[in-house]
Protein chains: 2
Amino acid sequence: MLDDRFSSGSGEWLGPNGPDNDVVISTRIRLARNIRGHKMPWRSNQCERQEVEAKLKSGIADSQIIPEGAYWSIDDLSETERRLLVERHLISPELAKGRGSRGVIFAPTENLSIMTNEEDHLRIQGIHRGLQLEETWRVTNQIDSVLESRLPFAVSSRWGYLTACPTNVGTGLRVSVMLHLPVLVHTDQIKKVHTAASRVGLVVRGLYGEGTKASGDFYQISNQVTLGRDEVQILRDVRTMVLKIIEWERGLRKLVMQQDRVTMEDRAWRALGTLQYARKMNSEETMQHLSSVRLGINLEILHDLGQERINDLFLYTQPAHLQVLRGAPSDPEERDISRARLIREWLA
Amino acid sequence: MLDDRFSSGSGEWLGPNGPDNDVVISTRIRLARNIRGHKMPWRSNQCERQEVEAKLKSGIADSQIIPEGAYWSIDDLSETERRLLVERHLISPELAKGRGSRGVIFAPTENLSIMTNEEDHLRIQGIHRGLQLEETWRVTNQIDSVLESRLPFAVSSRWGYLTACPTNVGTGLRVSVMLHLPVLVHTDQIKKVHTAASRVGLVVRGLYGEGTKASGDFYQISNQVTLGRDEVQILRDVRTMVLKIIEWERGLRKLVMQQDRVTMEDRAWRALGTLQYARKMNSEETMQHLSSVRLGINLEILHDLGQERINDLFLYTQPAHLQVLRGAPSDPEERDISRARLIREWLA
């Protein structure tokens with residue numbers, strides 16, 4: 001059972017003490033690759049997908065890139081297990097929805113995961129705590145090279161890597177940095193972040209990528225264009241913008257602490273009080289309070305709480321995690337009661 | 001200084017363990033009386049008011065009805081002291097606004113107060129904890145009889161007691177019962193209370209009487225008509241309606257605890273958490289949370305808190321009380337900070 005390994009602790013990338021961790025949660029890099037001579041997953045039938053999956057599985061296994069990782073076929077996973085993997089950012093919501101000859105292999109540290117037959121045949125993902133663009137790129141790039149030496153990737157000399165969706169053609173690279181921007185939200189300037197990002201070809205998204213809502217002041221910033229810019233340029237563009245946003249958020253935090261310290265204190269303490277006392281709480285409200293508490297810790301308003309404890313709560317209050325931990329029924333009201341109880345015990 | 005006597009504890013009437021105290025805060029009875037041969041306060045000049053005040057003062061003093069009570073002239077009281085008396089329901093907001101030869105004398109227990117040159121020459125008020133219509137009437141009526149034996153009250157054989165406002169002519173009696181109706185509010189049925197009351201000539205008002213807003217689910221129900229019904233009838237009408245409302249509120253509390261216990265628990269605990277953790281809080285929000293906590297105690301959700309402690313907070317978080325206790329500046333933001341600190345310390 002997949003559940004057992006996830007019933008305590010979160011992935012290494014959600015841990016504390018990452019670089020620039022006051023604003024940056026994690027750095028994620030994914031590469032989209034396809035195998036030459038096979039139709040893309042969305043065009044191929046079950047038979048062809050099975051053939052591709054087999055090639056990929058043996059290629060990955062031979063390469064020894066994730067020696068301790070098991071391959072999980074989507075068809076073998078329960079609904080809860082699939083959602084569990086989405087909540088841990090190990091698979092995409094899209095893969096979770098698919099069926100037949102698709103799957104994932106990931107490292108026990110959860111820093112690395114490889115999906116098969118998602119939108120593309122292969123999606124390699126590296127994820128690290130805080131702002132670690134170089135390290136994450138280094139690891140992901142290395143995995144890519146090892147696999148490329150064993151698997152015939154579809155590459156055009158003119159376009160670069162070929163992908164299912166034209167927006168990924170070229171490098172097949174998406175760099176995503178997950179940011180915690182409570183004071184940019186508080187001061188109503190988050191729209192400016194969107195504008196500034198889009199001006200340089202970057203895009204700001206919610207917590208679980210494309211089409212998902214920002215929740216609890218968490219935003220993902222990533223490159224939109226993969227064609228016409230090489231990997232180094234893309235990484236540089238993202239880095240430049242992320243550093244700008246970090247400074248922006250930090251500057252505002254300083255300002256607001258000078259000008260309206262009590263409002264920040266009030267927000268952090270109320271959030272903590274509500275988390276410690278509420279008898280039912282939905283996911284969205286939980287994220288909001290955890291965001292305020294996280295900010296309170298970073299602003300040194302709240303002490304002795306532990307960033308790690310709070311980070312784990314972000315994960316364990318999500319529906320699938322809650323279900324695994326508490327066997328909570330799928331009824332939303334019951335889940336909200338179970339969530340509130342978990343939070344109280346966690347913070348006690 | 002008036003401040004000193006109010007810096008700890010509230011009047012006897014705000015204490016715990018009054019009859020039907022789960023729903024009824026207090027029972028108040030006031031009698032409007034005027035002195036024959038003098039113009040009503042709103043028509044009289046300073047000179048005439050002074051004459052009336054002198055008569056009343058000596059009449060009250062001679063009668064020995066409030067032996068330990070001192071007479072406080074409104075002109076001698078600071079703005080804060082006047083507001084302090086309003087918050088303790090010892091004088092009306094109207095008296096607090098007036099100037100020149102008006103004042104109040106009240107018993108140390110605060111169960112009894114007599115205002116001079118308010119809307120009428122004389123306003124006698126008795127107030128007791130919980131539902132105590134008979135006892136409150138007995139005391140107030142007795143004071144009235146003693147004073148009537150010494151002062152020439154304006155009475156018409158046809159109309160009864162004559163008063164400044166026609167709505168008080170007749171008995172000059174207003175019976176007010178202060179109710180805590182959180183679940184009638186929660187279930188959106190408070191309008192029905194208004195309708196039911198008005199059908200029998202009663203009226204539902206906010207916390208500080210006429211024209212004031214209901215705050216924290218507290219409502220005053222009182223008779224509107226004083227003419228054509230004698231005291232016994234008025235008391236009976238109020239009693240009948242109050243008993244009906246008590247049963248109504250109690251029935252709903254029971255129902256809601258059966259059907260949606262968690263929502264009630266959630267409400268009480270969140271309110272307590274917010275009171276214990278917030279760093280600033282305005283008066284209105286404070287009332288709302290205190291109301292939820294009071295309900296939580298009555299529903300046996302919250303324990304070891306003490307009704308008395310909570311009742312005192314209702315009083316001491318009001319602006320003037322806060323100012324006396326904390327010397328808080330009149331700046332609203334500063335006051336909200338000071339209020340939150342007081343609540344935290346009180347509940348610690």
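E12(A) and R129(A) form a salt bridge, with their closest N and O atoms 3.2 Å apart. The pair links distant parts of the chain, 117 residues apart. E12(A) lies in the loop between α1 (2-5) and β1 (24-33) of chain A. R129(A) belongs to strand β5 (residues 122-129) of chain A. Over all chains, a search of the whole structure finds 42 salt bridges.

The model is predicted. Its scores are ipTM 0.87 and pTM 0.89. For chain A, the mean pLDDT is 91. A pLDDT of 70 or more is reached by 96% of the residues of chain A. Where pLDDT is low, the predicted coordinates should not be read in detail.

The relation between the copies was examined next.

The contact draws 19 residues from chain A and 19 residues from chain B. About 1,600 Å² is buried between chain A and chain B. Carbon and sulfur atoms give 56% of this area. In chain A, the residues that lose the most area to chain B are R270(A), Y277(A) and R279(A). Together they account for 40% of what that side buries.

Polar and charged pairs also cross the interface. Twelve residue pairs are in polar contact between chain A and chain B, counting pairs with both residues at pLDDT 80 or more. Two salt bridges are found across the interface of chain A and chain B. R270(A) takes part in a salt bridge with E285(B), at 2.7 Å from N to O.

Two helices of chain A, α9 (261-277) and α13 (332-347), each supply at least two residues of the side that touches chain B. The most comes from α9(A), with eleven residues. By residue class, the side of chain A that touches chain B divides into seven nonpolar, four polar and eight charged residues.

Note on methods:
Residues are numbered from 1 along each chain as its sequence is written. Chains are lettered from A and ligands numbered from 1 in the order in which they are written. This is a predicted model: local features need pLDDT of at least 70, side-chain atom pairs count only at pLDDT 80 or more; totals for chains, interfaces and linings use all residues. Side-chain values use heavy atoms; hydrogens and water are left out. pLDDT is the predictor's confidence in each residue, from 0 to 100. Contact means heavy atoms within 4.5 Å. Buried area is the accessible area (1.4 Å probe) that two parts lose on being put together, summed over both. A salt bridge is a side-chain nitrogen of Lys or Arg within 4 Å of a carboxyl oxygen of Asp or Glu. A polar contact is a pair of N or O atoms within 3.5 Å; within protein, one must be able to donate a hydrogen and the other to accept it, and residues adjacent in sequence count only if both atoms are side-chain atoms. Helices (H or I, at least four residues) and strands (E, at least two) are DSSP runs, numbered from the N terminus. Ala, Val, Leu, Ile, Met, Phe, Trp, Tyr, Cys and Pro count as nonpolar, Asp, Glu, Lys and Arg as charged, and the others, Gly among them, as polar.
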